Amino acid sequence: MNDVIILGAGPAGMTAAVYCARKQLSVKMLTTDVGGQTLWSGGVENYLGFDYIKGSDLVDKFEEHLKKFAVDMVYKTAVSIADGQDGWAVEDVDGRKHQAHTVIIATGKSPRQLGVTGEDTFRGRGITYCATCDAPLFAAADVAVVGGGNSGAEAALQLADIAAKVYLIEAGPELTADEILENKVYDHKNVEVLTDTAVTGIDGTELVESIDVNVNGRPRRLAVTGVFVEIGLTPNSDIVKGLVKLNATGEIVVDRSGRTSRPGIFAAGDVTDEPDKQIIIAAGDGARAALTAYDYLLYLV
Ligand SMILES: Cc1cc2nc3c(=O)[nH]c(=O)nc-3n(C[C@H](O)[C@H](O)[C@H](O)COP(=O)(O)OP(=O)(O)OC[C@H]3O[C@@H](n4cnc5c(N)ncnc54)[C@H](O)[C@@H]3O)c2cc1C
């Protein structure tokens, strides 16, 4: 039985692990990957101590720091949490159970899916959810970006310098990106903005070859080899649905100390209803949840 199990090795989870380990708690961490969303960031300019650092390099620094502490790493996705004897039982994707007195949920967010035919088939075969990671793979290609908010506009601008032609697809009547980004988008001759446009399917053989859309109700097929989905992020909170209180968007409701509605379960970072999703905020949340879990354990035993 561990003192604490931390779910997720993004900035929130890794900071929580360092704080727990420094408090001499026995810590196990279950995670799908190491780094989380920070891996997707091309360059970070707002994490104190680094005026500019690649997201993947910042993750390396975090991991290097984490490795100095006794944290039992399990590179597995957690699939359920149940009220166990004397604490909580976390089940991983292989069906193995892990027990602890407390759990810190730091599972962050994942890109929202389009939910159209072809998406499952061509994920990673032309469909991507991270322009920063994958734009360079589409040099001189024709591509589509789905989503006319800030992320979509930023993706379209990145791709405009790399790809031959970029379709920027927005479901509503106009782009919702900030004006400064929107103006830049319209300044690029190789970006075609399609508003009032719904994606209906993605097609190809081995790889993506086209995307089907409905422009103002009229069907159109765009020949593209890349589809960048930029329609927002969704909290990875399914694992605690029904166990702790979630808000309307599925974020875990926490108090100022990182407590959820269930004693012994804490949460930190982007998966929570804390406003402003940033690396430094997630890291701070992780530290606070760890200290709150430590206090909870002091009174438990
Ligand atoms: C493209 C992009 C660029 C960004 N640029 C910046 C920037 O420049 N500056 C900035 O401050 N912020 C930036 N952000 C935001 C920042 O990355 C996030 O706010 C931050 O990473 C949140 O950290 P987190 O630890 O809460 O979650 P995440 O980083 O999402 O990490 C969650 C972790 O949980 C793991 N996980 C998920 N589900 C499970 C499960 N069931 N079981 C086990 N593990 C699980 C994941 O594998 C991951 O390791 C950017 C975000 C994006 C998408």
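In this predicted model, the buried residues of α7 are Ile-279, Ala-282, Ala-283, Asp-285, Gly-286, Ala-287, Ala-289, Ala-290, Thr-292, Ala-293 and Leu-297. The cover over these buried residues of α7 includes β1, α1, α2 (55-66), β6 (97-105) and β17 (265-267). The helix α7 itself is made of 22 residues, and its span of 31 Å from the first C-alpha to the last is close to the 32 Å expected at 1.5 Å a residue.

The helix α7 (279-300) also takes part in the shell around the ligand, to which it supplies at least two residues, as do β1 (2-9), α1 (11-22) and β2 (27-34). The strand β2 gives the most to this shell, with four residues. There are 31 residues around the ligand, and those that come nearest are Asp-33, Gln-37, Ala-78, Asp-270 and Ile-279. Sorted by class, the shell holds ten nonpolar, 17 polar and four charged residues.

| Residue | Protein atom | Ligand atom | Distance |
|---|---|---|---|
| Thr-31 | side-chain N or O | oxygen | 3.3 Å |
| Ala-78 | polar backbone atom | nitrogen | 2.9 Å |
| Asp-270 | backbone N or O | oxygen | 2.8 Å |

Conventions. Residues are numbered from 1 along each chain as its sequence is written. This is a predicted model: local features need pLDDT of at least 70, side-chain atom pairs count only at pLDDT 80 or more; totals for chains, interfaces and linings use all residues. Side-chain values use heavy atoms; hydrogens and water are left out. A residue is near a molecule or strand if one of its heavy atoms lies within 4 Å of it. A polar contact is a pair of N or O atoms within 3.5 Å; within protein, one must be able to donate a hydrogen and the other to accept it, and residues adjacent in sequence count only if both atoms are side-chain atoms. Ala, Val, Leu, Ile, Met, Phe, Trp, Tyr, Cys and Pro count as nonpolar, Asp, Glu, Lys and Arg as charged, and the others, Gly among them, as polar. The expected span of a helix is 1.5 Å times one less than its number of residues. Buried means under 20% relative accessible area, exposed over 50%, partly exposed in between (1.4 Å probe, protein chains only). Contact means heavy atoms within 4.5 Å.
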